[in-house]
Amino acid sequence: MPRPRAEGFVFHTRARFGFAAPAGSSDDPRVRWITQDLPGEVARELFAAWDAGAGEQQQTVILARALGHGYFREGGRRAHGLHIAFSDVEFADFSIG
């Protein structure tokens, strides 16, 4: 099994992020630079989607969900119920530790 599928990877992106969150939260989309470690389960989901012929939109949904959990909700420690809108990707890169 390739390393990213087992150990995960680092995802670097500059894109527009917005939120669907409970009342009182700021949901205004804005461009952010994000570098985030993502686990092997995300790599496996991306590879499975790729192998099944998924397009960029479906892969973006997978990455948005993973960034929502890892970066914005800090692995489930905060911002419960926050859903991420990830669009207008200016830059995206993956690296393997």
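1. Of the 97 residues in the chain, buried residues make up 34%, where buried means under 20% relative accessible area, exposed means over 50% and partly exposed lies in between, as judged with a 1.4 Å probe on protein chains only. The structure is a predicted model, in which local features need pLDDT of at least 70 and side-chain atom pairs count only at pLDDT 80 or more, while totals for chains, interfaces and linings use all residues. Residues are numbered from 1 along each chain as its sequence is written, and side-chain values use heavy atoms, with hydrogens and water left out.

2. The chain has 3 helices and 3 strands, these being DSSP runs numbered from the N terminus, with helices taken as H or I of at least four residues and strands as E of at least two. Read from the N terminus on, the elements follow the order α-β-β-α-α-β. Among the contacts in the chain with a separation of 6 or more, 66% are accounted for by residues 24 or more positions apart, a contact being heavy atoms within 4.5 Å.

3. The largest nonpolar core has 20 residues, and those with the most contacts inside it are Phe9, Phe11, Phe17, Leu38, Val42 and Phe86; such a core is a set of buried Ala, Val, Leu, Ile, Met, Phe, Trp, Tyr and Cys residues joined through side-chain atoms within 4.5 Å. The elements that give two or more residues to this core are β1 (9-20), β2, α2 (40-51), α3 and β3 (83-95), and the largest share, 6 residues, comes from α3. For valine 42, leaving aside its neighbours within four places in sequence, the contacts are with Phe9, Ile62 and Ala66.

4. The largest pocket has a volume of about 370 Å³. By the definition used, a pocket is an open set of points on a 1 Å grid over the protein atoms alone, with protein on both sides within 12 Å along at least five of seven lines, whereas a cavity is a set of points where a 1.4 Å probe fits but cannot get out; lining residues have an atom within 4 Å of a point. Grid points are joined across faces, edges and corners, and the volume is the space filled by probe spheres set on the points.

5. The largest pocket is lined by 17 residues, of which Phe11, Leu46, Gln59, Leu63 and Phe94 lie nearest its centre. At least two residues of the lining are supplied by each of β1, α2, α3 and β3, and the largest share, 5 residues, comes from β3. The lining divides into 13 nonpolar, 3 polar and 1 charged, where Ala, Val, Leu, Ile, Met, Phe, Trp, Tyr, Cys and Pro count as nonpolar, Asp, Glu, Lys and Arg as charged, and the others, Gly among them, as polar.

6. Glutamine 59 sits in helix α3 (residues 56-72) and is buried, with a relative accessible area of 18%. Its contacts, leaving aside neighbours within four places in sequence, are Leu46, Trp50 and Ala54.

7. Arginine 32, in strand β2 (residues 30-38), is buried as well, with a relative accessible area of 17%. Leaving aside its neighbours within four places in sequence, arginine 32 is in contact with Thr13, Arg14, Ala15, Phe17, Phe19, Tyr71 and Phe72.

8. A search of the whole structure finds 3 salt bridges, each being a side-chain nitrogen of Lys or Arg within 4 Å of a carboxyl oxygen of Asp or Glu. In one of them arginine 14 pairs with glutamate 90, the closest N and O atoms being 2.6 Å apart; this pair links distant parts of the chain, with arginine 14 in strand β1 and glutamate 90 in strand β3, 76 residues apart. Arginine 14 is partly exposed, at a relative accessible area of 25%.

9. Arginine 16 forms a salt bridge with aspartate 88, and here the closest N and O atoms are 2.9 Å apart. Because arginine 16 lies in strand β1 and aspartate 88 in strand β3, the pair ties together parts that are 72 residues apart in sequence. Arginine 16 is partly exposed at 30% relative accessible area, as is aspartate 88 at 48%. Phi of aspartate 88 is near 50°, a positive value in a residue other than glycine.

10. Arginine 65 forms a salt bridge with glutamate 45, with the closest N and O atoms 2.3 Å apart. Arginine 65 lies in helix α3 and glutamate 45 in helix α2, so this pair ties together parts that are 20 residues apart in sequence. Arginine 65 is partly exposed, with a relative accessible area of 43%, and glutamate 45 also counts as partly exposed, at 33% relative accessibility.
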